[in-house]
Amino acid sequence: MIKEFNTYIEGIPLEFWRDLCREEGVRKRFKKGDSFLLQGDVCKYLGYIESGSFKYVAFTGEGDERIVGLETEGGFVANWPYCLEKLPSKLEITANSDSEISSLPVSKIIKRMKEDSSFEKLVNEATKEMFYTIYDRMIDLYTKTPKERYDNLLKKCPKIFEIFDLKDIASFLNITPVHLSRLRKK
């Protein structure tokens, strides 16, 4: 599911990043609801998801949650590229289910970037691929109807309702849960 949904995966050397997280990082377990990152904190880790799922949560001025990203097994969690600049996060990353990640300290990535220009190029490529994924989603929010976004999501991730709650999927699609229920009935 992850490659079709989070298309940045297709443009990066997945095995390289996965192995780097496994070999130079540590395994961490998260219970459903545990935070990988809190809003306002600087992200200190890049995590490869060995099992489970995570959601990226932003908050409105009134404090309402908005799901802006979803990640599953085989994907990565980080506040990318803010973590590379040691900038505070504008969102939270929360375990959607009991999960396990291989967690690589961002400090190791930054250090290696300074020492190895070919590694710095890999980081820049990953950043570019992440931008493309997010930019495409933003364009879809402005140019596609909720039904088109829903149909596209189902085409890419037919099992998404087995992994994430209806309210989180609705928020990700930028529609209400009631609207999503109506779309599902059709």
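**A serine and its surroundings**

Modeller: Ser103 is buried, with a relative accessible area of 1%. Buried means under 20% relative accessible area, exposed means over 50%, and partly exposed is in between, with a 1.4 Å probe and protein chains only as cover. This is a predicted model, where local features need pLDDT of at least 70, side-chain atom pairs count only at pLDDT 80 or more, and totals for chains, interfaces and linings use all residues. Residues are numbered from 1 along each chain as its sequence is written, and side-chain values use heavy atoms, with hydrogens and water left out.

Ser103 sits in strand β8, which covers residues 99-105. Strands are DSSP runs of E, at least two residues; helices are runs of H or I, at least four; both are numbered from the N terminus. Leave out residues up to four places away in sequence, and Ser103 touches Cys21, Gly25, Val26, Lys28, Tyr45, Leu46 and Gly47. A contact means heavy atoms within 4.5 Å.

Two of those partners lead onward. Take Cys21 to begin with. Cys21 is one of the buried residues of helix α2 (residues 14-24), together with Leu14, Trp17 and Leu20. These four cover an arc of only 140 degrees around the axis, which puts them on the same side of α2. The arc is that of the directions from the helix axis to the C-beta atoms.

Now take Tyr45. Strand β3 spans residues 45-51, and Ser51 is in it. Ser51 is partly exposed, at 28% relative accessible area. Its contacts, again leaving out residues up to four places away in sequence, are Glu73, Asp98, Ser99 and Glu100. Ser51 and Phe30 are 21 residues apart in sequence, with 10 Å between their C-alpha atoms.

Next, the loop between β6 (76-77) and β7 (92-95). Pro81 is found there. A cis peptide bond joins Trp80 and Pro81, with omega at about 0 degrees. Lys86 has its place in that loop too. Its phi is positive, about 60 degrees, although Lys86 is not a glycine. Lys86 counts as exposed, at 59% relative accessibility.

Lys86 also gives a distance check. Asp136 and Lys86 are 50 residues apart in sequence and 26 Å apart in space, C-alpha to C-alpha. Asp136 lies in helix α4, residues 117-143. Asp136 is partly exposed, with a relative accessible area of 43%.

Further along comes α5 (residues 146-156), with buried residues Arg149, Tyr150 and Leu153. Seen down the axis of α5, they fall within an arc of 100 degrees, so they line one face of the helix.

What is buried in α7? The list is Asp168, Ile169, Ala170, Ser171, Phe172 and Leu173. Six of the eight residues of α7 are buried, so α7 is largely enclosed by the rest of the structure. Just after α7, Asn174 takes a positive phi of about 65 degrees. Asn174 is in the loop between α7 (166-173) and α8 (177-185). Asn174 counts as exposed, at 51% relative accessibility.

Last, the whole chain. The protein chain has eight helices and eight strands. Its radius of gyration is 17 Å, close to the 16 Å that the globule rule gives for 186 residues, so the chain is as compact as a globular protein of that length. That radius is taken over C-alpha atoms, and the rule is 2.2 Å times the number of residues to the power 0.38. The C-alpha trace spans about 55 × 30 × 30 Å along its principal axes.

Of the 186 residues, 42% count as buried. Among contacts between residues at least 6 apart in sequence, 73% join residues at least 24 apart. The chain exposes about 10400 Å², and carbon and sulfur atoms supply 51% of that area. Areas come from the Shrake-Rupley method with a 1.4 Å probe; for residues, only the protein chains shown count as cover.

The mean positions of the 31 positive and 30 negative charges are 3 Å apart. Lys and Arg count as positive, Asp and Glu as negative; His and the chain ends are not counted. Each charge is placed at NZ of Lys, CZ of Arg, CG of Asp or CD of Glu.
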